[in-house]
2 protein chains.
Amino acid sequence: MEASDVTLLGMWACPYVNRAQLALKIKSITYEFIDDNPHERREMLLKYNPVHKKIPILIHGDKPVCESLIIVQYIDDAWANGPSILPSDAYDRALARFWAAYIDDKWYPLVKVLRQTEKQEERTSLIQKLSEGLMLLEEAFVNCSKGKPYFGGDNIGYLDIVLGSVLGWLRVTEIVVEVQLLDETKTPGLAKWADRFCSDDAVKDVLPEIDSLLELNKKIQAFIKAGGFK
Amino acid sequence: MEASDVTLLGMWACPYVNRAQLALKIKSITYEFIDDNPHERREMLLKYNPVHKKIPILIHGDKPVCESLIIVQYIDDAWANGPSILPSDAYDRALARFWAAYIDDKWYPLVKVLRQTEKQEERTSLIQKLSEGLMLLEEAFVNCSKGKPYFGGDNIGYLDIVLGSVLGWLRVTEIVVEVQLLDETKTPGLAKWADRFCSDDAVKDVLPEIDSLLELNKKIQAFIKAGGFK
């Protein structure tokens, strides 16, 4: 049996890990997936990502690559002969990087905060901010997709992976908070894109089921209510 | 007179703006520099960077590119025939992106906090963290430079620009707080690299003088003490 020289250290429900999985799938790269577990975790993280001690970590040969956006770009660079993930045009690439950073630094962190707060006033303010963010992302979708089905054009690309990977937790948040964030009236392009993305065969193989995420979320909330890590 | 089709909206003392200037200099691109001023500021920022309303903004033709790390990558991509800024090897590129994100998200923000706090206990803790960060960056320098003078090898590259651009404010902070952060004993490679980088002709043309930064810092501190923006 030939050992794969690509290993992904991750956890099935982590959207950042799912990004690496999606990129590997698009490039048809076989890899070993090591699902995060408490026994090996600390040792592996200290060995391969001592700076942040976080998953995902892609190990190619004996070289670790960390941080999901960097991993996706690395996969695109290192297996350059497969389908492209980043846009080929320099300006389109800059746009994709801009919106990816916006999603990770500004927009998506608020989704987690919304899911975990029970204060009504804070919820209202977060829902407002998230909706405004989705309007910006609708505009980004129009600019990037140029009338084609995906941010990446005819095929799933960088921004599809970046935003698409968080759709599961967005849906869980909508269910938990009983609010509709991704709205067909306000953001029609984005709403249709999300359906299209989630129905794609490659994506269905990788992204976790909403029911599994909901179940995990219940456990996380119970853990937090019990005081979290002491 | 032919109008340049490249404009940089910035401010002379901003390290993020200096990054764009360094990249443009390396690629020998002529451009118009619009130094940030309160009169035009709001209008320009709203027009070209409505999401973050921040400089630097590179305008190429009529297309704006925002966020310094994205701008430097864009300059490298769009003028691909000039000297390369990003490393050519996929793994080296991932490493450079990893450390650039570390500098911007984890390390450099603490330099600003250190400069602005007067609490001794907080200062001690920040100095400790910044020194640990410099030890990591020393290791990164050894790994990236592979015995050559720069992170980028024989020539100034991506990480040289990213870390080099903040050396001025690091020096100002050392003077203000009366501490040596970049230490020849603890981080010999990095200390020598910093001297080499700052003596480079291309860099000297772009980076502000320490005295000018010190003077500006005095004004900023006085402004903050007077209550800042009301």
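Predicted model: local features only at pLDDT ≥ 70, side-chain atom pairs only at ≥ 80, totals over all residues.
Close-up 1. The side chain of D77(B) meets that of R93(A) in a salt bridge, with N and O 3.0 Å apart. D77(B) belongs to helix 3 of chain B, residues 68-78, and R93(A) to helix 4 of chain A, residues 90-116, and the pair crosses between chains. R93(A) has a relative accessible area of 15% and is therefore buried.

**Close-up 2. D77(B) and R97(A).** A salt bridge also joins the side chains of D77(B) and R97(A), at an N to O distance of 3.7 Å. Because D77(B) sits in helix 3 of chain B and R97(A) in helix 4 of chain A, this pair joins two chains. Is R97(A) buried or exposed? With a relative accessible area of 9%, R97(A) is buried.

**Close-up 3. D154(A) and K148(A), a salt bridge in chain A.** The closest N and O atoms of D154(A) and K148(A) are 3.4 Å apart, and the two residues form a salt bridge. D154(A) has a relative accessible area of 48% and is partly exposed. K148(A), at 40% relative accessibility, is counted as partly exposed too. Elsewhere, D77(A), R93(B) and R97(B) are joined into one network by salt bridges that share partners. Over all chains, the structure holds 20 salt bridges.

**Close-up 4. The two domains of chain A.** Domain 1 of chain A covers residues 6-78, and domain 2 of chain A covers residues 90-217. To their contact, domain 1 of chain A gives 16 residues and domain 2 of chain A gives 22 residues. The C-alpha centres of these two domains are 22 Å apart. The size of an interface is often given as the accessible area lost when the parts come together. Between domain 1 of chain A and domain 2 of chain A, the buried area is about 1600 Å². Carbon and sulfur atoms give 71% of this area. Which three residues supply more than any others of the area that domain 1 of chain A buries against domain 2 of chain A? They are W12(A), R19(A) and L22(A), which supply 33% of that area.

**Close-up 5. R19(A) and D104(A), with the domain 1 side of the interface.** The side chains of R19(A) and D104(A) meet in a salt bridge, with 2.8 Å from N to O. Across the interface of domain 1 of chain A and domain 2 of chain A, 2 salt bridges are found. Between these domains, 7 residue pairs are in polar contact, counting pairs with both residues at pLDDT 80 or more. Which elements give two or more residues to the side of domain 1 of chain A that touches domain 2 of chain A? They are helix 1 (15-26) and helix 3 (68-78) of chain A. Helix 1 of chain A gives the most to this side, with 9 residues. By class, the side of domain 1 of chain A that touches domain 2 of chain A has 10 nonpolar, 4 polar and 2 charged residues.

Conventions:
Residues numbered from 1 in each chain as written. Chains lettered and ligands numbered in written order. Heavy atoms only, no water. Domains from an automatic or database assignment. Contact = heavy atoms within 4.5 Å. Buried area = accessible area lost by both parts, 1.4 Å probe. Salt bridge = Lys/Arg side-chain N within 4 Å of Asp/Glu carboxyl O. Polar contact = N/O pair within 3.5 Å; in protein donor to acceptor, adjacent residues only side chain to side chain. Helix = DSSP H or I, 4+ residues; strand = E, 2+ residues; numbered from the N terminus. Nonpolar A, V, L, I, M, F, W, Y, C, P; charged D, E, K, R; others polar. Buried < 20%, exposed > 50% of the residue type's maximum accessible area, 1.4 Å probe, protein only.
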